[in-house]
Amino acid sequence: MSDDVTQDPPAGVERRFLGWDAPALERAAGLIRGGAAETGGEGAVPLVVVPGQRAGRLLLERLVGLAEARGATLRPPEIVSQGGLPERLYQAEMPAPDPILERLVWMVALQRTPARSLEALLPEPPESGDDAGWDALEGTILTLHRELGAEGL
């Protein structure tokens, strides 16, 4: 694979640079509006990647405002944050677990872990009937697991 940043994107992918002459979200909304983002346009719904969820919400607000000003019905693009992009780039072998089930499995696994092993994480694990304590521990471990996994650790 080449390190050349000027290489052409894959077929079907269009990369647009917004420039510096206007705020990025305003320019992005204008570019999307000029494309097939309104009812009656042709082609697939575009995928727009933004830095974060807030930027996605603000972009959608601007698109709705532009469509309303033109009296058009908006067919919004699919907007994902940078964090949500990796899931769009590959097909998962298995579906993502149900969030509640995932938390329960982590909690049961932690409750079954010998106290000696948990001492590396905390000096005193929750009591056996302390569901709130186990839930808090599970939430911390699950977050840590996701953050480390995202870094490939």
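Analyst: A patch is made of residues with over 30% relative accessible area and no salt bridge, where like charges are joined within 9 Å and nonpolar side chains (Val, Leu, Ile, Met, Phe, Trp, Tyr) within 5 Å. A salt bridge is a side-chain nitrogen of Lys or Arg within 4 Å of a carboxyl oxygen of Asp or Glu, and accessible areas come from the Shrake-Rupley method with a 1.4 Å probe, with only the protein chains shown counting as cover for residues. This is a predicted model, in which local features need pLDDT of at least 70 and side-chain atom pairs count only at pLDDT 80 or more, while totals for chains, interfaces and linings use all residues. Residues are numbered from 1 along each chain as its sequence is written, and side-chain values use heavy atoms, with hydrogens and water left out.

User: Which residues make the nonpolar surface patch?

Analyst: Leu 144, Leu 148 and Leu 153 make a nonpolar patch of about 300 Å². Leu 148 belongs to helix α6, helices being DSSP runs of H or I with at least four residues and strands runs of E with at least two, numbered from the N terminus.

User: Which residues gather in the patch of negative charge?

Analyst: Asp and Glu count as negative, Lys and Arg as positive, and His and the chain ends are not counted; a charge is placed at NZ of Lys, CZ of Arg, CG of Asp or CD of Glu. Here the surface patch gathers Glu 124, Glu 127, Asp 130 and Asp 131. Asp 130 sits in the loop between α5 (115–118) and α6 (131–150), and with a relative accessible area of 32% Asp 130 is partly exposed.

User: What does Glu 102 touch, leaving out residues up to four places away in sequence?

Analyst: A contact means heavy atoms within 4.5 Å. With those sequence neighbours set aside, Glu 102 touches Pro 97, Leu 142 and Arg 146. Glu 102 lies in helix α4 (residues 99–112) and is buried, with a relative accessible area of 18%.

User: Where is Ser 81 placed?

Analyst: Ser 81 is in strand β2 (residues 78–81), and Ser 81 counts as buried because its relative accessibility is 16%.

Note on methods
Buried means under 20% relative accessible area, exposed over 50%, partly exposed in between (1.4 Å probe, protein chains only).
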